Amino acid sequence: MARRQAVGFVHDGFGVSQRRSCRVLGVARSTIQYRPQRREDGTLRAALLALAAQRRRFGYRRLTVLLRRGGHPVNHKKVYRLYRAAGLAVRRRKRKKLGAGTRVVLAPPTQPNQRWSIDFMRDTLANGRSFRILNLVDDYTREAIVAEVDTSLPGARVVRVLEQVAQTRGLPTMIVCDNGPELAGRALDAWAYHRNVQLHFIRPGKPIENCFVESFNGRMRDECLNEHWFLDLGDARRKIETWRVDYNEVRPHGSLDDRTPTEYAQGHGLSS
């Protein structure tokens, strides 16, 4: 625009031709003589809207490819401007990662070590720092197999805990769990595949499908976590482990005819 104004000033002010004015100013005549030709976008816009209605999960780049296939020689920048002007956008879907296990109603277990349930709990120390508890329960004997306590319990740590238990107790046929990232991640999935253990993931928002460990969590919360003041992580580990042993060996369980889980397990040739 500035070059065109300068050429016009020389041309009109000094009465010289446009060619000479351009030569004096060093400006190409094609630049001065160019007139933008705005194409009508109505047809392109209509084609874009039609494609966007058919392909709601396509963004402007994929729509550009389809427009070109349809005979519209247009670049992605123009499509993007029309796309934004039309208020089009692909809604991002936030999908929770789910495990690949089965989701069917389970029959009650018929023997010890046939099926375990696993879940996490959370509490805080006296200094306000939170910690987590990994609970592992035998669905048949109701034994609290493990109550692992730490500030962080990722999937790799869950695998290590299960391997430690396997050395003294063996492994079950199935483990019931929710869709948390530690349990639905690659670490536990790969371990279960190599150890031939089936992972059964409950439906999201249905904790009742993991009722055995959820019931145990309620007992732990009511009888242990709400009754103690944990000074530090070591103190929490000692008190929670003491309660776990008491739960297995002393506390009577109504569904086991008031026997303890350890007594019930010993009646079936298995001890924790």
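In this short talk I will go through a few strands, ring pairs and contacts in the structure above. Please keep in mind that this is a predicted model, where local features need pLDDT of at least 70, side-chain atom pairs count only at pLDDT 80 or more, and totals for chains, interfaces and linings use all residues. Residues are numbered from 1 along each chain as its sequence is written, and side-chain values use heavy atoms, with hydrogens and water left out.

Let me start with the strands, which, like the helices, are DSSP runs numbered from the N terminus (at least two residues of E for a strand, at least four of H or I for a helix). Strand 1, residues 115–124, pairs with strand 2 in the antiparallel sense over nine bridges, where pairing requires that DSSP finds at least two bridges between the two strands.

Strand 2 is mostly covered, since eight of its nine residues are buried, and buried here means under 20% relative accessible area, while exposed means over 50% and partly exposed lies in between, using a 1.4 Å probe and protein chains only.

Now to the aromatic rings, of which the whole structure holds seven pairs. Rings of Phe, Tyr and Trp (its six-membered ring) pair if their centres lie within 6.5 Å, and planes under 30 degrees apart count as stacked, over 60 as edge-to-face and the rest as tilted. Y140 and Y264 have ring centres 5.5 Å apart and planes at 40°, so this pair is tilted. The pair links distant parts of the chain, with Y140 in the loop between strand 2 (130–138) and strand 3 (144–150) and Y264 in helix 11 (residues 261–266), 124 residues apart. Y140 is buried at a relative accessible area of 15%, and Y264 is buried at 14%.

What kind of pair do F216 and W243 form? They form a tilted one, at 5.5 Å centre to centre with 50° between the planes. Because F216 lies in helix 9 (residues 211–223) and W243 in helix 10 (residues 233–249), the pair ties together parts that are 27 residues apart in sequence.
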